[in-house]
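Here is a short report on selected features of one protein model. Please keep the sequence and the structure at hand while reading.

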Amino acid sequence: MRPPALLRYPLILLLFCLFAACKGEREDAVPDVSGVAGRPNILIIYADDLGYGDTGAYGATQIQTPNIDALAAGGLRFTRAYASSATCTPSRYALLTGRYPWRKEQARILPGNAPLLIDTARLTLPGMLRRQGYRTGIVGKWHLGLGSGAIDWNRNIRPGPNDVGFDESYILAATQDRVPTVYIRNGEVVGLDPDDPIEVSYEENFPGEPTALDHPEMLRMDWDHGHNNSIVNGIPRIGFMKGGEAARWVDEDMADTFLEEARLFIGNRNPDQPFFLYYALQQPHVPRTPHPRFVGATGLGPRGDAIFEADWCVGQIMKALEEEGLSKHTLVIFSSDNGPVLNDGYRDQAVELNGDHSPWGPFRGGKYSLFEAGTRVPFIVSWPGTIEPGVSDALVSQMDLMASLAHLVGAPDPATDSRNLWAALSGQSEAGRESLVLEALGRTAFRRGAWALIPPYDGSSVFTTVNIESGNAPETRLYHLDSDPGQTRNLAGDFPEIRDSLMVEYRRIRSDTTAFETP
């Protein structure tokens, strides 16, 4: 099959892309709506490992997500929105700093005892909003490190979220599958018995503490790869933990716990002060442990049920806004930190029960991958009465929220990799970013217009433990995503001018590793 007519004239196409890009970067085209209905409250709902095709709003038919679908129907649904990375820590770093994560070498998947990744002198999204008079809070998954070295979990843990812009925090330190398996409120472990201190190690086990390798009879969820260390609640984890029995969470109650904390944050607001809440869901990351009332809700096993539970949480937090009379005064942004994965370390039948469901939508790859499904994610913006419902094809990144929200609330431009795309995010324009560098496990790819460029990389073409294509190959790949969203046809040899032009721009951006380094 011949490519579209436009593809047969590469020079014309290149000029068209450059024209569209320049148009998309015009700052004077961005309308100032900061005075509309006053400064809005801002709620970011951030799912964990939710794929582009995991909700009805984005084409799912095998799973019901009525609350996310309702949010999309009443808001602006983006079809070309990206997390900065195909894994969690880097995406969260970019979201909160507006900076490409590959500019910071340590911005990789962190262990649960890693030091704080964000420099406390760096301006962050919550810090910027706090300067503008917002009350700021985080509830849910953190995974950006805590402390400055060896952490004493039995004292106030600093620095942390409260030192990078959040007034209030109620978090899990890393991920649900990593120790320590405790909640932390404003730097203090919740429910800690001082006579049963917590110890954590990612190097060696503590004497006498059971692990999945030594005591498989203690498991109620079996591990497949990587999750064979300490056992908590019958679930094997990554890392070793001792003590803190009274403080350990109950996995099935986690969604309810975070939801209640988010409700309290909203309910305890000062009516004369706007709030910013970063509500970071843990679903559908492993271990998938939906509350018993959601078990069997989808027929897709624990992963599907966890998504159904997450959708319920979205509905409940939206209900809380409505009950407080805040629906028309709150900007809600829903997205995910990276693409989907089925088997991510536990034998929970995610693969066997997936059926005809396509978590990655029409795209190739998934979590960890340089292909589209690694970073192209659901992205919904809703502000009833201000943003008209619709669908946008603008190219946007979660990283752009920092500059865009700075514009919205009247703050100075943060001067980072973030771009002010408020016109696109509010539906006033279809012009988005001109280009974007995407990251996956330290490797990067490039997106401009409809084109995706993946440089050559050594290594296996498939991450066999998770059965996801890595994006590694000895040759450069060039894909036209509008005509080939599944990235099945490498056009690098057919359009050398476009390939070389994109490679030059990509290398220019990528080589400047110190940009915006100073906090």
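## A buried arginine

Arg-448 is buried, because its relative accessibility of 5% falls under the 20% cut-off. This is a predicted model. Arg-448 belongs to strand β16, which covers residues 443-448. Its side chain has a polar partner: the side chain of Glu-434, at 3.0 Å.

## Salt bridges across the chain

How many salt bridges does the structure hold? The count is 30. One of them joins the side chains of Arg-103 and Asp-417, with N to O at 2.8 Å. Arg-103 sits in the loop between α3 (88-97) and α4 (125-131), and Asp-417 sits in the loop between α7 (401-409) and α8 (422-425). Arg-103 and Asp-417 are both buried.

A salt bridge also connects Asp-167 and Arg-130, whose closest N and O atoms are 3.0 Å apart. Asp-167 comes from the loop between β3 (135-141) and β4 (168-172), while Arg-130 comes from helix α4. Their separation is 37 residues, and the pair links distant parts of the chain. Are these two residues buried or partly exposed? Asp-167 is partly exposed, with a relative accessible area of 31%. Arg-130 is also partly exposed, at 34% relative accessibility. Both values lie between the 20% and 50% cut-offs.

## A loop pair and a network

Asp-344 and Lys-367 form a salt bridge through their side chains, N to O at 3.1 Å. Both residues lie in the loop between β12 (330-336) and β13 (379-382), 23 residues apart. Asp-344 is buried, and so is Lys-367. Elsewhere, salt bridges with shared partners join four residues into one network: Asp-48, Arg-92, Lys-141 and Asp-337. Side chains of opposite charge can pair when their charged atoms come close.

## The open sheet

What is the strand order of the open sheet? The sheet has 10 strands, in the order β6-β5-β4-β3-β11-β1-β12-β13-β2-β14. Its pairing is mixed. Strands β6 (188-189) and β14 (390-397) form the edges, and each pairs on one side only.

Helix α2 spans residues 66-73. This helix lies across β2 (76-82), β12 and β13. Its angle to β13 is about 60 degrees.

Which residues of α2 are buried? They include Ile-68, Leu-71 and Ala-72. The buried residues fall within an arc of 100 degrees when viewed down the axis of α2, so they line one face of the helix. An α-helix has 3.6 residues a turn, so residues three or four places apart point the same way. The cover over the buried residues of α2 includes β2, α6 (301-323), β12 and β13.

## Cis peptide bonds

Two prolines deserve a look. The peptide bond from Val-179 to Pro-180 is cis, and its omega is near 5 degrees. Pro-180 lies in the loop between β4 and β5.

The peptide bond from Gln-283 to Pro-284 is cis as well, with omega near -5 degrees. Pro-284 is found in the loop between β11 (275-280) and α6.

Leu-441 is not a glycine, yet its phi is positive, at about 55 degrees. Leu-441 is placed in the loop between β15 (435-440) and β16. With 36% relative accessibility, Leu-441 is partly exposed.

Gln-487 also has a positive phi, near 50 degrees. Its loop runs between β20 (477-480) and α9 (496-511). Is Gln-487 buried or exposed? Gln-487 is buried, because its relative accessible area of 1% is under the 20% cut-off.

Note on methods. Residues numbered from 1 in each chain as written. Predicted model: local features only at pLDDT ≥ 70, side-chain atom pairs only at ≥ 80, totals over all residues. Heavy atoms only, no water. Helix = DSSP H or I, 4+ residues; strand = E, 2+ residues; numbered from the N terminus. Buried < 20%, exposed > 50% of the residue type's maximum accessible area, 1.4 Å probe, protein only. Polar contact = N/O pair within 3.5 Å; in protein donor to acceptor, adjacent residues only side chain to side chain. Pairing = 2+ DSSP bridges. Contact = heavy atoms within 4.5 Å. Axes fitted to C-alpha atoms, helices over the stretch in contact; angles between N-to-C directions. Arc of directions from axis to C-beta.
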